[in-house]
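Here is a short briefing to read alongside the structure. It begins with the chain as a whole, then turns to one helix and to some aromatic rings.

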Amino acid sequence: MTPNGHSEEPKRSVYDTCDPHYLRTLREAAGMDMFVLARTACLSVAQVRQLESDDSDSLFYSESIKRQAYKRLLMILGAEPPSVEIPEELRDAAKVADAHLTTLDQIVAMSEQPPMNHSAFDAVHAGLAKLREHKQATAALLLLVAAVTLFVLHGPQSVVEATSELAAASPTPKVSAVAVSVEPPSVTTASVPVAAVAAASASVAAASALVAASPTAPSKTMGACTHSNEAMPQLSPFVAQKEGRYVYLVSAANAEVCVVDGNKQATLLQLKAGENRSVYGVSPWQVSSASLQKVQIFFQGGRVSLPDATVSRVQLVEMTVAR
C-alpha cells in the first residue's frame, strides 16, 4: 500500500504510534534500500530493521530516542508532517492581543514597585559612602551653617573669631590657620534671617580668601628641591637588572618627594596615597622627603630598603647590570 493510498488520519498518528508496517511500506514505495536509508539517517541497519518490524529487543537507549529516530526516517522518506492543533484561545487574534497587553502591564507594575529587600542599614551605609565622596563640600557646608548660627546668636564679631577657629581646625590639606583680622561690618544684629545669612556668607568668604592666600608652609617643611653636598646614606639594589636611567616611586600616603639626578636636575613630586611616578635622568640619584619612610623606592629593577626610620635623604648609586 503506497503512502498516497493512506488516509490523512494514519499519516498524522504514525508519528506517535511508530507503526513499523507504515514505515516499511513508505520505504518500499520510495524505492530506497534499507542500507541507504540507514546511512542517510545516521542509524545502523539493525536499528532501521527493528523500526520496520515488531522485534521487542530494543537497540535504542530509550523510547524517546526510538521515536525521534522513527520521525527522522519518516521525514527522509517524504511523509507528510503531523498537523498541529491550534488551541481555541489562540485562534482569536483579539484575545491574544489582550493577553499580551495584560502581561506587559504586569511587567510594568512589577518594575515600578520599590525594592523591598533593602534594609535600613544598607540605606545608612549608602548615605555615609556619599558623604565620604563629597567630604570637602560637606565640611564647607557645616562651616557655613556654624557661622550663620553664631552670627544670629552672638553678632558679627563672634562670627569672625569663630570662623578663624573653624578654619584652623578644618581638614584642608596643606593650609595652616592664620590670625584673621577683619573689620566688623557696620550692621546691627539682623532681625530678618535673609540679611543674617548674607552677612555671614560675606564674612566666611573673606576669612576663606585670607586663609587660602596666606603664604604659610606645611607643618613639615623641607629645604628647596636642589642637589645637596651633605653626607647621606648610599644605597644600591641587591641585584641590578636594569640600567639606572630612572627611579620608580610608590607612595603609601600623601608625600612630597624631591628627586635629583646626576646632572643636578631636580624634580619635585606631589604624590598622593597609592600613586606611583617615574623620574628619568642619569645616576647617581638623590631622593629626599620628610615622609621618606612612606615611599617605596625602586632602582635598577629592584626595591631599595632604607637603613633606618630617621633617614630623610638617600643617594642611589648605580651598579653593573647582571647579565
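**The chain as a whole**

Among contacts in the protein chain between residues at least 6 apart in sequence, 64% join residues at least 24 apart. Please keep in mind that this is a predicted model. The protein chain holds 11 helices and nine strands.

**Burial and surface**

- Of the 323 residues in the protein chain, 27% are buried.
- The protein chain has an accessible surface of about 21200 Å², and carbon and sulfur atoms account for 57% of that surface.

- Helix α9 covers residues 135-154, which is 20 residues.
- From its first C-alpha to its last, α9 reaches 28 Å, close to the 28 Å expected at 1.5 Å a residue.
- Which residues of α9 are buried? They are Leu143, Ala147, Val148 and Phe151.
- Looking down the axis of α9, you will find these buried residues within an arc of 130°, so they line one face of the helix.
- Turned away from the buried side of α9 is a face with the exposed residues Lys135, Leu141, Leu142, Leu153 and His154.

With ring centres required to lie within 6.5 Å, the count comes to two aromatic pairs.

- Tyr246 and Tyr280 have ring centres 5.3 Å apart and planes at 35°, so this pair is tilted; planes between the stacked limit of under 30 degrees and the edge-to-face limit of over 60 count that way.
- Tyr246 belongs to strand β2 (residues 246-251) and Tyr280 to strand β5 (residues 276-280), so the pair ties together parts of the chain that are 34 residues apart in sequence.
- Are the two partners buried or exposed? Tyr246 counts as partly exposed, at 25% relative accessibility, whereas Tyr280 is exposed, with a relative accessible area of 61%.
- Tyr248 and Phe298 form a tilted aromatic pair, with 5.8 Å centre to centre and 55° between the planes.
- This pair links distant parts of the chain, 50 residues apart: Tyr248 sits in strand β2 and Phe298 in strand β7 (residues 295-299).
- Tyr248 counts as partly exposed at 28% relative accessibility, and Phe298 counts as partly exposed at 25%.

Definitions and conventions: Residues are numbered from 1 along each chain as its sequence is written. This is a predicted model: local features need pLDDT of at least 70, side-chain atom pairs count only at pLDDT 80 or more; totals for chains, interfaces and linings use all residues. Side-chain values use heavy atoms; hydrogens and water are left out. Rings of Phe, Tyr and Trp (its six-membered ring) pair if their centres lie within 6.5 Å; planes under 30 degrees apart count as stacked, over 60 as edge-to-face and the rest as tilted. Helices (H or I, at least four residues) and strands (E, at least two) are DSSP runs, numbered from the N terminus. Buried means under 20% relative accessible area, exposed over 50%, partly exposed in between (1.4 Å probe, protein chains only). The expected span of a helix is 1.5 Å times one less than its number of residues. The arc is that of the directions from the helix axis to the C-beta atoms. Contact means heavy atoms within 4.5 Å. Accessible areas come from the Shrake-Rupley method with a 1.4 Å probe; for residues, only the protein chains shown count as cover.
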